[in-house]
Amino acid sequence: MSTLITPGRLGALLRPRSVALVGAADKSGFSLMTYRNLVEFGLGEHTHLVNRRGAPTHGQPTVTSCTQITEPVDVAFMMVPRAGTLDALADAAAAGIRHALVLSSGYADAGAAGQRAQADLVACAESLGILLAGPNHLGFANFIDQIPVTAIPGLPHAAGPVALVSQSGMSASAMLDFATMTGVGLSYLVTLGNEAMITAGHVLDYLVGDEHTRTIALFLETIRDPGVFARAAHRAARAGKAVVVLKTGRSELSARAAAAHSGAAAGDDHTIGELLRDLGVIRVNSIEDLILTAGAAAHLGRLDCPGIGVVSISGGACDMLADHAADLGAPLPALAPETRAALASVLPDYATVQNPLDITGAAVIDPAIFTRCIQAMSADPSVGVVAVINSLPWHADRRPWVGQVLADAIGAGAGRAGAPVICASQVMQPITGYTRQVMAQANIPYAIPGLRHCVAALRNVAWWSQATRGAGEAV
């Protein structure tokens, strides 16, 4: 491992005060998007455009060398072709720049010649004392400090508790879009590409120590340094921070695609799966489950016990959720006698007391049924989390939402509950500003859209809670 990779250096890389875009050009969409992001986040005055011809770019003057920049620069985003990258690194070093991001591909993702070029890139960076991210990546966004050194569009300005780390830049963009759509806030978005120097394990280790990050979600084609990754995962378990991984390469075709994309050697998938389980790392198979599981883990933390109690306004939703739970192996425990008695005292005679629980349409007439059933369900000794199935609006129509009274009853139940409570919609729908407004008014703490994804997320958090319970709390 390079001696340049330290928590202090990674922190400096991810919190730059000034940025040079080397190879900035109007014809480059990567250059334009990165510059636009930096300007929109208020860093325009500290963003310097370097163009070897000195041509005006993005409506701004440029310099031909980093040495001509009049303030210290913390990171250079290299947008030059592979053939010019070593010279660009030397120029950056001459200007005192100690950190670089390399956009261009054609390294370990391009056969033997590319692998040699990547080795030369690392050797050059190390000789210059430059900590290098990439190549073949799209940069990063630090939402805590509002610093976006990335060509990924659609960045949110609000920060959240989930850090997203991806070996694929374009997949990271899709993950960001889905996180924004479903209300999962991000602390960092870090793309890694070929990981010539900085690997996922290094970034994971750094994020475990970040006070703003409660869960780390990773998209991985390979684990390039298993020792570094394992040590970081152990630290995460001790810190009570869930690590969620979407690891590709389960099929032969996927493994070949990963090698072509980032030079990744996928490895034996079964062995990697066993490693992740032993480390207490949650493994998922889709972007949706990656983001929603990470969001749920960040909100819930470790559950006291794995059982999921379900309270629903819809009998049909109970049926579907029960099927999803059976398919996914999610625990829906039978209710204790005292729980059954407490629920029976609240529900109409025609209701069936069981888990999942259909509280019937009587709750529309008396919303307090929702509140009391949530409270009773949460008190069951086998229930670690309560999922309440009820619709939430995502589109405002200028009239008060007719379901607000039910939402208020759910929020009241959550406030009196002895276990964490989340709200689940029956379908995958966005968590918009209007949704958050309704939830805030009702004091509903968290929502997960879609029945299957909700069950998967809660099952995953329950498994992680049990798998890492003895890990302690020291970082």
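These legends describe close-up views of one predicted model. Residues are numbered from 1 along each chain as its sequence is written, and side-chain values use heavy atoms, with hydrogens and water left out. Because the model is predicted, local features need pLDDT of at least 70 and side-chain atom pairs count only at pLDDT 80 or more, while totals for chains, interfaces and linings use all residues.

**View 1. The largest pocket has a volume of about 580 Å³.** A pocket is an open set of points on a 1 Å grid over the protein atoms alone, with protein on both sides within 12 Å along at least five of seven lines. Its volume is the space filled by probe spheres set on the points, which are joined across faces, edges and corners. The lining has 21 residues (an atom within 4 Å of a point). G23, R52, M79, V80 and P81 lie nearest the centre of the pocket. Helix α3 (residues 82-94) gives the largest share of the lining, 4 residues. Helices (H or I, at least four residues) and strands (E, at least two) are DSSP runs, numbered from the N terminus. By class, the pocket lining has 9 nonpolar, 7 polar and 5 charged residues. Here Ala, Val, Leu, Ile, Met, Phe, Trp, Tyr, Cys and Pro count as nonpolar, Asp, Glu, Lys and Arg as charged, and the others, Gly among them, as polar.

**View 2. Helix α3 packs against helix α4 (residues 111-128).** Their axes are 10 Å apart, at an angle of about 5°. Axes are lines fitted to C-alpha atoms, for helices over the stretch in contact, and angles run from 0 to 180 degrees between N-to-C directions. α3 and α4 are therefore roughly parallel (under 35 degrees). Contact means heavy atoms within 4.5 Å. From α3 come R82, T85, L86, L89, A90 and A93. They meet A113, G114, A117, D120, L121, C124, A125 and L128 of α4. This contact has 10 nonpolar, 2 polar and 2 charged residues.

**View 3. Helix α6 (residues 200-208) crosses helix α7 (residues 226-239).** The axes come within 8 Å and cross at roughly 20°. That makes α6 roughly parallel to α7. On α6, the contact is made by G201, H202, L204, D205 and V208. On α7, it is made by V228, F229, A232, A233, R235, A236 and A239. The classes are 8 nonpolar, 2 polar and 2 charged residues.

**View 4. The largest cavity has a volume of about 90 Å³.** A cavity is a set of grid points where a 1.4 Å probe fits but cannot get out. The count comes to 3 cavities of 30 Å³ or more. The largest cavity is lined by 13 residues, with L13, L14, A133, V190 and V203 nearest its centre. α1 (7-14), β6 (139-142) and β9 (186-191) each give two or more residues to this lining. α1 provides the largest share, 3 residues. The lining divides into 10 nonpolar, 3 polar and no charged residues.

**View 5. Backbone geometry is shown at two cis peptide bonds and one positive phi.** Most residues other than glycine have a negative phi, and most peptide bonds are trans. A cis bond joins G134 and P135, with omega about 0°. P135 lies in the loop between β5 (131-133) and β6. The bond from N355 to P356 is also cis, with omega near 10°. P356 is found in the loop between α12 (337-344) and β14 (357-358). H58 is not a glycine, yet has a positive phi of about 55°. H58 lies in the loop between β2 (47-50) and β3 (75-78).

Note on methods:
Parallel < 35°, antiparallel > 145°, perpendicular 65-115°, else oblique.
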